[in-house]
Amino acid sequence: MRRSPRPDAVPAGPPRPGNLPYELNRFVGRAVELTDLQRTLESGRLVTVTGVGGVGKSRFAAHAAGRTPARLRRDGVWRVELAAVRRPELVEYTVVEALGLTDHTTRPPRQVLVDHLADRQLVLVVDGFEHLVDVCASLVRDLLRAAPGLRVIAVGRRPLALEGERLFPLAPLTVQDAAELFADRATALLPGFRLDDGHLSDVTEVCRRLDCLPLAVELAAGRLPALSPTQLLERLDDRFRLLTGGGRDSLPRHQTLRTAIGWSHELCTAQERLLWSRLSVFSGQFDLEAAEYICGGEGLHAELVLDVLHELLAQSVVIREESRTGVRYRMLDTVRAYGAEWLEHTGDGGRMRRRHRDWYMGLATWCELDWFSPRQGEVAARIDAELPNLRTALEFCLTEPGETHLGQYLAGTLWFYWAGCGRLAEGRHWLDRSIALDGEAVDEGEPLEYGISRLKALWVLGYVAILQGDTVPALAALQECQDEARRGDDATALAYAVHRTGCLALVTDDMPRAEQLLRAALASYREIGELNSNVLMGQVELAMAVAFQGDLAQAVALCEDVRQVCEDHGERWTMAYALYVLAYAAWHDGDPAKARTLLHECLAIDHEFHDLLGTVLAVELLALVTLVEGDAAEAAVLQGAAAGIWPSVGLPLFGSAYYNVPHELCETRAREALGDARFDELARAGERLGHDEAVARALGERERRIAVATVPRPVRSTAPEMREPAASPTANGGETTG
């Protein structure tokens, strides 16, 4: 969805839509190239910046994209980084993630992108595609054909080979610009450094010998705290003779880059080189704790990792970055690849990848437990940050012989992220793969943990499929889980499978069966001592089932109990669903002010967790409350806003007769108050709001004109006549999100 500032916020400067990061140090040189790229982008919608690794393609493309004319980027500049993506089928998910989209439907991610970009005017920077050129070329082609306002700056070492593609080969810096870059980075390390202090000749020669490649120049400048420019030049001479990089058939520019990195590698101590190679197992960012666990031991004590990492940071081998989860680190892809080659030469690659897998399985396990705590927001941010490494761990499990059960465990353990943080489609991908690789039922002689892993993956797969509205595969997975759990006498897996089967009955309007199954699941949870977000969600879903059958008082009692337990444990996400039901009850009892207060709290939580289903249901109910308060025009806008969100969730109101009654009531009375033409006009205006804009509008303070005579309050009626829903966001199977 489009990211926009809240209407009640006053931005410090012009809006800056997109995800392009601000630059942390000065961009040096390339004035001519920047002008040329702007001109090329004006005349062509696809420009591919090519060049040798280390020439500065990524930085140049991002800097240039941020300077494109405003008319070409009305909806922002967005950057997607593909260097950490290893499998072609994950490219589209990565682009969806980079654009900040969430989608609950069964639409392929490519269709989600096409639909999102069709009427937008933006610049998309696709960086690091060369190892995935075929799938990237296909995706870029389809997006450009469907979105006339889209312009793409592709960044890689080879062209995409598409019709209409404009190639923009990026040459090394001029000697003058390279020397200026060296001086700028050197001054950051040594504030007193000046090129005119007798250093100009040596620095110029260093830059020339490094072919003025920005990466090599910055690595050289990073050594100045230990070496003078003259010493740099002398050691560079040694490195050219010692390390040529590739075979005789390698291109000279590849040998030059390898020489620069190999020279920096040789200047490291033995422990620094060892850590460099071991850090190459990470995909994207990592934190200190992960580095200490994975890379410590066998020649590098864990307690020394911090000191050695500090030296690699000082030499610009590793980059320090701030994030929502604290300080994190990463290596440039070229530097990482160099370390990976050394790791394989040591014969330690397999052991490091297993330690990497073990760490991230442990992280996922801890996050699952901590999800039911006041730290839910921190858990969501942590998994967001670690997603590239979790993907690498999952891929290892599902490609390494004998590791499938661990892949099933990891994919199942991340249920809270797939369902709770807007990653249903990717979760479905890993769950389907893990189950398909281990399709046979658990044999009696098989170790118990294998059966536990598969059972968990099955009920989570059923859960995710329910949320996507894919009921047939959901039923198959849940039935298999129940059958295997009964054979293996696994009460926990059976309780979860019965619970999710009750969710399936709920979204298919079989309320008596839903109530029966959910009560059975909750009884099983109590018997085995299970208490977490899933259990509480089952109680909210039971509240919906009984409310749909006419017992709203019992539904309120159930949700008040959930609310109290959530407050006791600091749980917020599940509590939002209970608040939704309570808000519905407040509206039903004729207290729209209380309903609005509850819905505002509910919607704020849903939005924080990117819970699109919870968000859209809250907006729908806020439209009804707004109507009761007398503002039919604003109610029409909010109904339009909800209509704009539903395509990313699934079938509007799940195709449920129960859920549709309040929506129809709101629309009917708003049309009576406004007339069809005015209602349709306002609803279309609401539909054009972006996701963030819609939430901001629903939560914003505004003047209200109460016109009770014009828009009558809802008349209470029996549940069989109105088929009034408890209206919980969990009606689509429990714990859900955008």
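Trainee: Which residues does L160 touch, not counting residues up to four places away in sequence?

Mentor: This is a predicted model, where local features need pLDDT of at least 70, side-chain atom pairs count only at pLDDT 80 or more, and totals for chains, interfaces and linings use all residues. Residues are numbered from 1 along each chain as its sequence is written, and side-chain values use heavy atoms, with hydrogens and water left out. Contact means heavy atoms within 4.5 Å. Beyond residues up to four places away in sequence, L160 touches L46, T48, F129, V133, C136, A137, V140, A154 and E165.

Trainee: Which residues touch the most other members of the largest nonpolar core?

Mentor: A nonpolar core is a set of buried Ala, Val, Leu, Ile, Met, Phe, Trp, Tyr and Cys residues joined through side-chain atoms within 4.5 Å. Buried means under 20% relative accessible area, exposed over 50%, partly exposed in between (1.4 Å probe, protein chains only). The largest core has 204 residues, and those touching the most other members are L160, L279 and Y360.

Trainee: Which helix gives the most to this core?

Mentor: Helices (H or I, at least four residues) and strands (E, at least two) are DSSP runs, numbered from the N terminus. With 14 residues, the one giving the most is α26.

Trainee: Is M575 buried or exposed?

Mentor: M575 sits in helix α26, residues 573-588. Because its relative accessible area is 7%, M575 is buried.

Trainee: How far apart in space are M575 and R563?

Mentor: R563 is among the residues in contact with M575, leaving aside neighbours within four places in sequence. The two are 12 residues apart in sequence, and their C-alpha to C-alpha distance is 5.5 Å.
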